[in-house]
Amino acid sequence: MAEPGSNRAPETGAFFQRDRQWHPAAFTPNYKSSVLRSPQKALLSFDNTLSELTGPVFGHAMLGELDNDLIHNFARAGESAIGERIIVHGRVLDERGKGVPGVLLEFWQANAGGRYRHKKDGYLAPLDPNFGGCGRAITGEDGDYAFRTVRPGPYPWPNGPNDWRPAHIHFSVFGHGFAQRLITQMYFEGDPLIWRCPIVGGISNKAAVEALIAALDMQATIPMDALAYRFDIVLRGRRSTLFENRPEGN
Amino acid sequence: MAQSLDQLKESASQTAGPYVHIGLTPNFCGIGGVYQSDLGSTMVNSETKGERIELRIRVLDGTGTPLKDALIEIWQADAGGLYNSPAELRGAADPNFQGWGRQPTDMETGVCLFQTIKPGRVPFRDGRLMAPHITLWIVARGINVGLHTRLYFSDEEKANAEDPILARIEHRLRVPTLIAERQGDTYLFDVHLQGEKETVFFDS
């Protein structure tokens, strides 16, 4: 089935192999929780089957009006979340540089003081009664997305005796195939905590870390209202099906 | 120098962290009123075709302790073996079955439950049929890159014996780590992240 209203055939090529040297390893002992939660045996590799090439589709109809507005989607009428008002925007691309349209992005974060609305978070910084911390969006035709929120604060966590997470927003991204499924974190340009963080430090390649740092984007700000950060996300690309669109027996 | 291939690198994965529920199952963790319901929490309705089953999944760390802060997504074919996806070119899947579900592990017991249907068989790349299976994707605090594995069914011995993916597992003693045990209409599946009974995880 092609996308509704489109005469483009869906792409069916297998996804590029993940570069596991670029991603963090499973076992990154400075991030203590990974020690007992990392597989020790080698992963079993195989080329994508239909089970990895296919993936769920989410329609725009599921989105509520405020799903991409964290400043207001949990706030009482007439009120808004406290903090540095920002717009986060960018594109979801694949490794071939093509925009990935129609995919669901979900994001979550702490409030401006670094406190999460979660019963397991006991940090003494207070909750903001007008801030929930979740949002979602579906990419447009070019893979573009945007949401507004408040900039999250850094927070301490029980890893080393004095570890602090840099300010960050968690992103969950679907692609067109389940093999593209990705969760990552966005960091903010210039934050000195980034290079001290054991979770970030699980990524050994500096360029791979830099690709998770959103740039201040003055061109996308709204004067007297909100600053803006640009964050592009890259999903696995896929082989063109030059000679493999009719696998034997299929 | 040859021409540049000009390819981008995939964004590096990071852990979902302990508060993954805020973003992916907000109603489950008490953030009501933002979304009507948690996405992926209901997979079947009265019109869905196929045998109703329950999956009862736990994820255990290297000490055998169940993770109470993990989140699992599943992806599967419908009862006829078709995926509800634009990349499915063999026909139209059951419109009453999306094939995707998402559940957190219970914060007290670590048990994760899915109400779904048993999937039909799907062809491998060369046309041979794979055994019925469900793809699992597991994220949690301490897991840097989401883990990919499959759940196969203990009452599909013949199909499992000819499954092309299971056949690739060199260490045959590890094959049972991918097979869920049937008890009535429930399948029990323990995912061991490490150790002697470590589940086979995939890079595909």
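This tour goes from the interface of chain B and chain A to the sheet of chain B.

The model is predicted, so local features need pLDDT of at least 70, side-chain atom pairs count only at pLDDT 80 or more, and totals for chains, interfaces and linings use all residues. Residues are numbered from 1 along each chain as its sequence is written, chains are lettered from A in the order in which they are written, and side-chain values use heavy atoms, without hydrogens and water.

**Stop 1: the interface**

Select the residues in contact (heavy atoms within 4.5 Å). Chain B gives 79 residues and chain A gives 94. The buried area is about 7900 Å². That is the accessible area (1.4 Å probe) that two parts lose on being put together, summed over both. Carbon and sulfur atoms give 56% of the area.

Now pick E10(B), Q14(B) and R125(B). These residues supply 12% of the area that chain B buries against chain A, more than any other three residues.

**Stop 2**

Show the side chains of R150(B) and E52(A). They form a salt bridge, 3.0 Å from N to O. The rule asks for a side-chain nitrogen of Lys or Arg within 4 Å of a carboxyl oxygen of Asp or Glu. It finds eight salt bridges across this interface.

Helices (H or I, at least four residues) and strands (E, at least two) are DSSP runs, numbered from the N terminus. The largest share, five residues, comes from α1(B).

**Stop 3: a strand pair between chains**

Go to β1 (residues 44-45) of chain A. This strand and β9(B) pair in the parallel sense over two bridges. Pairing requires at least two bridges found by DSSP. Look for S45(A), opposite D203(B) in β9(B).

**Stop 4: the sheet of chain B**

Select the strands of chain B in the order β3-β2-β5-β6-β7-β8-β1-β4. These eight strands form an open sheet with mixed pairing. Its edge strands are β3 and β4 (112-117), each pairing on one side only.

Strand β1 (residues 52-60) of chain B and β4(B) pair in the antiparallel sense over six bridges. I53(B) stands opposite T116(B) in β4(B).
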